[in-house]
Amino acid sequence: MKKILLLSDTHSYIDERILEYASNADEVWHCGDFGVNVAEKLEKTAKVRGVYGNIDDDFIRKEYPETLYFKCENVKVLMIHIGGYPD
């Protein structure tokens with residue numbers, strides 16, 4: 001069974017403890033609002049799957065889509081930063 005570290009809304013801040021958790025994970029899933037330099041640091045420690053968030057710049061938007069659909073160990077996964085707003 002894969003070990004997944006699930007993150008979102010890091011907003012340019014990545015604590016060393018998070019990087020330690022990432023190094024022990026098989027994959028990191030980031031659900032948007034990476035901010036500056038977070039993706040690069042995570043990519044050095046594990047495979048990263050992610051989507052961009054509303055604060056992310058062109059660098060992140062070129063590397064990560066708005067939505068991502070994939071299967072992980074026969075489980076369907078859909079990632080999106082903001083799934084909608086309540087009425």
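# Rings, cores and charges

With a relative accessibility of 8%, Phe 70 counts as buried. Buried here means under 20% relative accessible area, exposed means over 50%, and partly exposed covers what lies in between, with a 1.4 Å probe and protein chains only. The model is predicted, so local features need pLDDT of at least 70 and side-chain atom pairs count only at pLDDT 80 or more, while totals for chains, interfaces and linings use all residues. Residues are numbered from 1 along each chain as its sequence is written, and side-chain values use heavy atoms, with hydrogens and water left out.

The structure contains two aromatic pairs. Rings of Phe, Tyr and Trp (its six-membered ring) pair if their centres lie within 6.5 Å; planes under 30 degrees apart are called stacked, those over 60 edge-to-face, and the rest tilted. Phe 70 pairs with Trp 29 in an edge-to-face arrangement, with 5.1 Å from centre to centre and 85° between the planes. Trp 29 belongs to strand S2 and Phe 70 to strand S4 (residues 67–72), so this pair ties together parts that are 41 residues apart in sequence. Helices (H or I, at least four residues) and strands (E, at least two) are DSSP runs, numbered from the N terminus.

Phe 34 sits in the loop between S2 and H2, and Tyr 64 in the loop between helix H3 (58–63) and S4, so parts that are 30 residues apart in sequence are tied together. Both residues of this pair are buried.

Arg 49 lies over the face of Phe 70, at 4.0 Å from the ring centre. For a charge to count as over a ring, NZ of Lys or CZ of Arg must be within 6 Å of the ring centre and within 35 degrees of the ring normal.

The next topic is the nonpolar interior. A nonpolar core is a set of buried Ala, Val, Leu, Ile, Met, Phe, Trp, Tyr and Cys residues joined through side-chain atoms within 4.5 Å. The largest such core has 16 residues, and Val 28, Phe 34 and Leu 42 have the most contacts inside it. S1, helix H1 (16–23) and helix H2 (38–43) are the elements that give two or more residues to this core. H2 gives the most, with three residues.

What does Leu 42 touch, leaving aside residues up to four places away in sequence? Its contacts (heavy atoms within 4.5 Å) are Leu 7, Ile 14, Leu 19, Ala 22, Val 28, His 30 and Val 48. A second, separate core has seven residues, including Trp 29, Phe 70, Cys 72 and Val 77.

Strand S2 is covered on both faces: Glu 27 and Trp 29 on one side, and Val 28 and His 30 on the other, are all buried. S2 runs parallel to S1, and four bridges join the two strands; strands pair if DSSP finds at least two bridges between them. Leu 7 has His 30 as its bridge partner in S2.

Side chains of opposite charge can pair when their charged atoms come close. There are four salt bridges in the structure, each being a side-chain nitrogen of Lys or Arg within 4 Å of a carboxyl oxygen of Asp or Glu. In one of them, Lys 2 meets Glu 27, with the closest N and O atoms 2.7 Å apart. Lys 2 is in the segment before strand S1 (4–7) and Glu 27 is in strand S2 (residues 27–30), so the pair links distant parts of the chain, 25 residues apart. Lys 2 is partly exposed at 35% relative accessibility, whereas Glu 27 is buried at 2%.

Glu 27 also forms a salt bridge with Lys 47, the closest N and O atoms being 4.0 Å apart. Here, too, distant parts of the chain are linked: Lys 47 is in strand S3 (residues 47–50), 20 residues from Glu 27 in strand S2. Salt bridges that share partners join Lys 2, Glu 27, Lys 47 and Arg 49 into one network.

Arg 17 and Asp 15 form another salt bridge, with closest N and O atoms 3.0 Å apart. Arg 17 is exposed, at 59% relative accessibility.
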